Structures are given as structure tokens and as C-alpha cells.
Amino acid sequence: METGTDNADAHLKRTVMDREVVVAVSGGKLDLGPWEQVFYGEFDGKRRKRVLVKIIGE
């Protein structure tokens, strides 16, 4: 009897990669160091996604 979906590997990868990032914004631009970048890793196929952006501060 099969239950659920077969995406356990996607859940494990997300656990290792984490699921959120905090980035400073200065002057309307991302405040990243010279070697920093933000990547989005998709491990769960073509399911619907949502992005939540929180702006905290002035």
C-alpha cells in the first residue's frame, strides 16, 4: 500500500539547505559582500510555490 508522495529526497535536501535567508538591503539594493550571492534551489519538481518577503526596519 503506497501513501503520500515520493518526494522524501526533496524534504531531506531542504533540511540540509535550509529554507530561508535573511539579506540586508541598503539604498534599495541587496547589501551583499563581494563574494556573496543568493541562490534558489528547487528540489520538489513542478509543484506550486510561494515566496514570502518580509521587510523589517525603516
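**Close-up views of a predicted model**

**View 1. Glu 42 and Lys 49 form a salt bridge.** In this pair the closest N and O atoms are 3.6 Å apart. Glu 42 is partly exposed, its relative accessible area being 34%, while Lys 49, at 40% relative accessibility, also counts as partly exposed.

**View 2. Helix H1 lies largely in the open.** The helix spans residues 8-17, and because the number buried among its 10 residues is one, it lies largely in the open. Just after H1, the backbone at Asp 18 takes a positive phi of about 75 degrees.

**View 3. The largest pocket holds about 1,800 Å³ of space.** It is lined by 33 residues, of which Arg 19, Glu 20, Val 21, Val 51 and Leu 52 are the closest to its centre. Helix H1 supplies the largest share of this lining, with four residues. Sorted by class, the lining of the largest pocket comprises 17 nonpolar, 12 charged and four polar residues.

**View 4. A nonpolar patch on the surface is formed by Val 21, Val 25, Leu 30, Leu 32 and Val 38.** Together these residues have about 440 Å² of accessible area. One of them, Leu 32, is located in the segment after strand S2 (29-30), and its relative accessibility of 31% places Leu 32 among residues that count as partly exposed. Val 21, a member of this patch, is also one of the residues closest to the centre of the largest pocket.

**View 5. Val 23 sits in the loop between H1 and strand S1 (25-26).** With a relative accessibility of 27%, Val 23 counts as partly exposed, since the partly exposed range begins where the buried one, under 20%, ends. Val 23 and Leu 52 are 29 residues apart along the chain, and 13 Å separates their C-alpha atoms.

Key
Residues numbered from 1 in each chain as written. Predicted model: local features only at pLDDT ≥ 70, side-chain atom pairs only at ≥ 80, totals over all residues. Heavy atoms only, no water. Buried < 20%, exposed > 50% of the residue type's maximum accessible area, 1.4 Å probe, protein only. Helix = DSSP H or I, 4+ residues; strand = E, 2+ residues; numbered from the N terminus. 1 Å grid on protein atoms, 1.4 Å probe; cavity = no way out; pocket = protein on both sides within 12 Å on 5 of 7 lines; lining within 4 Å. Points joined across faces, edges and corners; volume = space filled by probe spheres on them. Nonpolar A, V, L, I, M, F, W, Y, C, P; charged D, E, K, R; others polar. Patch = residues over 30% accessible without salt bridge, like charges linked within 9 Å, V, L, I, M, F, W, Y side chains within 5 Å. Areas by Shrake-Rupley, 256 points an atom, 1.4 Å probe, with all protein chains shown as cover. Salt bridge = Lys/Arg side-chain N within 4 Å of Asp/Glu carboxyl O.
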